[in-house]
Amino acid sequence: MNRFVKGIILLSIAAFFAECLEFVVNMILARELGEHGMGLYMSILPTIFLIIVIASLELPISISKFIAESNQKLHESMLRHAFRMTAVFTAFSTAAASIALPFIPVFDTYHPFIKGIVIGLIPVVAFTSIARGYFMGVQQMGKIAVANVLKKIIQVLCLFIFFQWYSFEIDMAVLISLFVLVASDVVVFVYLYTQFILARRALSGHQHIHLRGKDVRKRLLAVSIPTTGLRIFHAVTNAIEPFLVKGALLASGAAGTAAIDQYGMLAGVAMTIGSFPAFIAHSLMVVMIPSISEAYALSQYDIVLKRLRQAIFITFGYGIPAVWVMFQFAGPLTHLFFQSPEAQYYLQLLWPFFLFHLFVMPLQACLIGIGHVKTAFYHNVWSSIVGLSMMYVLGSMPELQMLGIILGMNTGMILLTSLHYATICKDLGVSVFLTGGGRTAPRIES
């Protein structure tokens, strides 16, 4: 069994446990925060994730791609320059966040301590990204798997302790929930950096080739800037989405409180359940980026095509049964959170979104591996423009409301998947059925 398959299996098993724990986390939050509190929590979360994306500078992807494509003798020098670049960027972004966050209106309705929590999260995320990228690049997926599970274990334990022993008002409960989220990231930082230091000590006894800082930064940023732009755009659209949905519902005649409650059921219940199988897609993405980057850099296009076929086969194998189960058992699943027929209805209507989302992640990993990062960014822009526009236009119609919102979400995801797939087929010179001559290169077995 090669590293690619081992990595997928290991990460998928770990991610399954992590997603089970995430499911428990959201159940605890739903029961403790209630529909309104869950709506507030889910509304602020995309903004926090946007700040995290900026802080990480997508170094896990750029570093893993650099390491996968480069000789081991270059790794130590690259890591040193990456650390210095991260330190400078973190100092700048932390200072900028300290100045800007007090003026961001979205935080005004929340506990004031939330701003401090977010600022403290920036350096933790930034430096964790270096360690995460290194282990992805050398394909030591066991450490990534442990970190993912550890994060969820800390969240479950802390939330259970806080909410079992104490009772809070809604604003304080939301603050505690976000504090626990940040605390779990701190634990992951400590674990990964401990392992990273040990790995670097092992490298110190080998011969190294010194690289110029300018060259390393140029190569890292050539991947980081487009991927960060992609993630920022995605995070921005996610941050806008709660307000767009609520605005559309208000325009359709729904009451303000009802709009928040409906979004809480959509994002906190239907999306939580529907996103559960995506742990396998995310595992595929993590493993595919270094694997395809390495094969493509060595002109092993047959290996790239093989990895793509494997990813699609795996996605079909688990995606269709998972979506079928969610559709058939939507009632019992949503009742784990709320006794709400609306949440069940939302979950069933979103089945195209969930199914195509499972294909997007490995396809996007393939695009990054073959050097089409900017293309992936443009695809996301166009699909988001179409999807968000349809969400607002259809959602603001009194006769559609949430049905219109969901139709827009489904359309945007189907369009994004189609654009990714068409670009990959064109680059590899194959048909939509992944058949044909394709690019040719000497065959080297993995």
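Predicted model: local features only at pLDDT ≥ 70, side-chain atom pairs only at ≥ 80, totals over all residues.
Residues are numbered from 1 along each chain as its sequence is written, and side-chain values use heavy atoms, with hydrogens and water left out.

Helix α3 covers residues 75–100 and helix α4 residues 113–137; they pack at an angle of about 160°, with their axes 9 Å apart. Axes here are lines fitted to C-alpha atoms, for helices over the stretch in contact, and angles run from 0 to 180 degrees between N-to-C directions. Helices (H or I, at least four residues) and strands (E, at least two) are DSSP runs, numbered from the N terminus. The crossing of α3 past α4 is right-handed; that label applies if the near helix is turned clockwise from the far one by less than a right angle, and left-handed if anticlockwise. On the α3 side the contact (heavy atoms within 4.5 Å) includes Leu79, Phe83 and Thr90, and on the α4 side Ile119, Pro123 and Tyr134 are among the residues involved. By class, this contact has twelve nonpolar, five polar and no charged residues. For that count, Ala, Val, Leu, Ile, Met, Phe, Trp, Tyr, Cys and Pro are nonpolar, Asp, Glu, Lys and Arg are charged, and the others, Gly among them, are polar.

## A parallel helix pair

Let's turn to α1 and α5. Helix α1 (residues 3–56) packs against helix α5 (residues 141–165) at an angle of about 15°, with the axes 9 Å apart. The two are therefore roughly parallel to each other, and α1 passes α5 in a left-handed crossing. Among the contact residues are Gly7, Leu10 and Glu32 of α1, together with Met141, Lys152 and Phe163 of α5. The contact of α1 with α5 divides into 17 nonpolar, four polar and three charged residues.

## The chain as a whole

The protein chain has 15 helices and zero strands. Its radius of gyration (taken over C-alpha atoms) is 22 Å, close to the 22 Å that the globule rule gives for 446 residues, so the chain is as compact as a globular protein of that length. That rule is 2.2 Å times the number of residues to the power 0.38. The C-alpha trace spans about 65 × 50 × 35 Å along its principal axes.

Of the 446 residues, 55% count as buried, a term for under 20% relative accessible area, with exposed over 50% and partly exposed in between (1.4 Å probe, protein chains only). Among contacts with a separation of 6 or more, 84% come from residues 24 or more positions apart.

## Around helix α15

Thr417 is buried at 7% relative accessibility, and beyond its neighbours within four places in sequence it contacts Phe356, Phe359, Val360 and Leu363. Ala422 is partly exposed at 46%; its C-alpha atom is 7.2 Å from that of Val432, ten residues away along the chain.

Most residues other than glycine have a negative phi. Gln401, not a glycine, has a positive phi of about 50°; it belongs to the loop between α14 (373–395) and α15 and is partly exposed at 22%. Leu434 likewise has a positive phi, of about 60°; Leu434 lies in the segment after α15 and counts as buried at 6% relative accessibility.

Conventions:
Parallel < 35°, antiparallel > 145°, perpendicular 65-115°, else oblique.
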